[in-house]
Amino acid sequence: MDIIAQLSSRLRGHRVLLQTHDFPDPDAIASAAGLQYLLKQEGVPAEICFFGRLDKINHVRMVELFELSLTECSRLAEEPDTLVVTIDGQKNNSNFTDVPGDEIACIDHHPWVTDHAYEIVDHQLVGACATIITGYFMERKLLPPGNLATALLYGIKMDTLNFCNGVTQKDIQAFSFLHELADNEAISHLNNSVLELSDIKAYGSAIQNIVIYDRVGFAAIPFDCPDGLIASVSNFILSLDAVDVSVIYAARNGGYKFSVRSELANVNAGKLTNLALRDIGNGGGHPTMAGGLLYAERMHLLGERVHEPIRRRFLDVYYKMQEEGKRR
């Protein structure tokens with residue numbers, strides 16, 4: 001029995017929530033929309049929900065352009081007998097706020113970090129979660145509608161940085177399948193709708209205080225800003241010729257939100273972030289990109305000048321990874 005058949009059998013007759021990670025990006029949005037469509041074909045209605053907000057202008061325009069329906073979780077009425085499928089992430093991770101309901105299934109492409117006992121799991125280490133969802137259409141020999149095909153293709157392009165990061169053969173196959181169905185002019189329009197005027201402040205702040213140690217670029221943004229924007233700044237800092245690893249963090253609820261990028265084969269961004277924030281927060285992700293949180297209640301452990309110990313933590317792990325790489 002394929003995943004869609006398993007999910008349909010388990011979910012039928014219940015209220016179904018498809019929960020993306022907080023502040024969903026195009027990959028999460030498209031993946032949830034694709035799964036919603038597939039379940040609908042099986043007679044199982046489902047609602048897409050998330051905590052936070054759509055935090056970049058291209059995310060908002062994507063939802064509007066492709067006529068997708070998402071609801072912020074705090075606006076949902078609590079109902080008994082609610083079953084939850086987590087999409088593009090895992091329960092108990094730092095970017096998944098708990099929603100009332102029983103999380104019984106997970107579809108994700110990130111490294112496995114949760115200890116939650118899901119009943120149904122499809123975990124594939126591919127470039128984008130939308131690739132997994134596209135695979136379901138391919139297996140069923142079902143063509144997604146044009147808007148949905150475009151959304152899925154855009155999600156894959158964004159999460160793989162235009163097929164330059166973490167790409168697998170499955171991602172290429174998904175691209176080939178979707179390319180003939182998608183509206184590439186719409187994708188070009190979204191690609192040109194990335195920055196808002198307010199985003200420039202975050203870039204400017206990062207540029208003003210960037211410091212580089214042994215090709216690791218650090219920059220702190222002293223105000224709260226969306227996750228997607230922090231990630232964009234991290235990608236921008238990584239593009240500098242003198243930087244191989246970028247560690248960008250912004251103020252968040254009395255602590256810090258991190259976005260980490262690595263171009264080095266022997267420096268895994270997910271492990272680097274996880275180890276550097278151990279005991280003061282949490283983090284993780286892919287070998288080339290990761291995210292994390294430094295908890296407000298642990299900030300006092302860093303002393304008054306927090307930036308120096310943050311850099312030291314990341315650099316200590318970075319040097320260890322470099323040494324381990326040389327010994328291999």
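Biologist: Which residues of helix 10 and helix 11 meet?
Modeller: From helix 10 come K271, L272, T273, L275 and A276. They touch R313, F314, V317, Y318 and M321 of helix 11. By class, the residues of this contact are seven nonpolar, one polar and two charged. Ala, Val, Leu, Ile, Met, Phe, Trp, Tyr, Cys and Pro count as nonpolar, Asp, Glu, Lys and Arg as charged, and the others, Gly among them, as polar. Contact itself means heavy atoms within 4.5 Å.

Biologist: What does all this rest on?
Modeller: This is a predicted model: local features need pLDDT of at least 70, side-chain atom pairs count only at pLDDT 80 or more, and totals for chains, interfaces and linings use all residues. Residues are numbered from 1 along each chain as its sequence is written, and side-chain values use heavy atoms, leaving out hydrogens and water.

Biologist: Why are helix 10 and helix 11 called oblique to each other?
Modeller: Helix 10 (residues 269-276) and helix 11 (residues 307-327) pack at about 135°. Their axes are 9 Å apart. Under 35 degrees counts as roughly parallel, over 145 as roughly antiparallel, 65 to 115 as roughly perpendicular, and the rest as oblique. The pair is therefore oblique. The axes are lines fitted to C-alpha atoms over the stretch in contact, with angles from 0 to 180 degrees between N-to-C directions. The crossing of helix 10 and helix 11 is right-handed.

Biologist: What makes helix 2 and helix 4 roughly parallel?
Modeller: Helix 2 (residues 26-41) packs on helix 4 (residues 129-139) at about 20°, with the axes 8 Å apart. That angle puts helix 2 and helix 4 in the roughly parallel class. The crossing is left-handed. Left-handed means that the near helix is turned anticlockwise from the far one by less than a right angle, and clockwise makes it right-handed.

Biologist: Which residues join helix 2 to helix 4?
Modeller: D27, S31, G34, L35, Y37 and L38 of helix 2 meet C129, A130, I133, Y136 and F137 of helix 4. Eight are nonpolar, two polar and one charged.

Biologist: How do you know how helix 1 and helix 2 are set to each other?
Modeller: The axes of helix 1 (residues 3-11) and helix 2 cross at roughly 70° and come within 10 Å. Helix 1 is therefore roughly perpendicular to helix 2. I4, L7, S8 and L11 of helix 1 make the contact with L35, L38 and L39 of helix 2. Six of these residues are nonpolar, one is polar and none is charged.

Biologist: How many of the residues count as buried?
Modeller: 53% of the 328 residues.

Conventions:
Helix = DSSP H or I, 4+ residues; strand = E, 2+ residues; numbered from the N terminus. Buried < 20%, exposed > 50% of the residue type's maximum accessible area, 1.4 Å probe, protein only.
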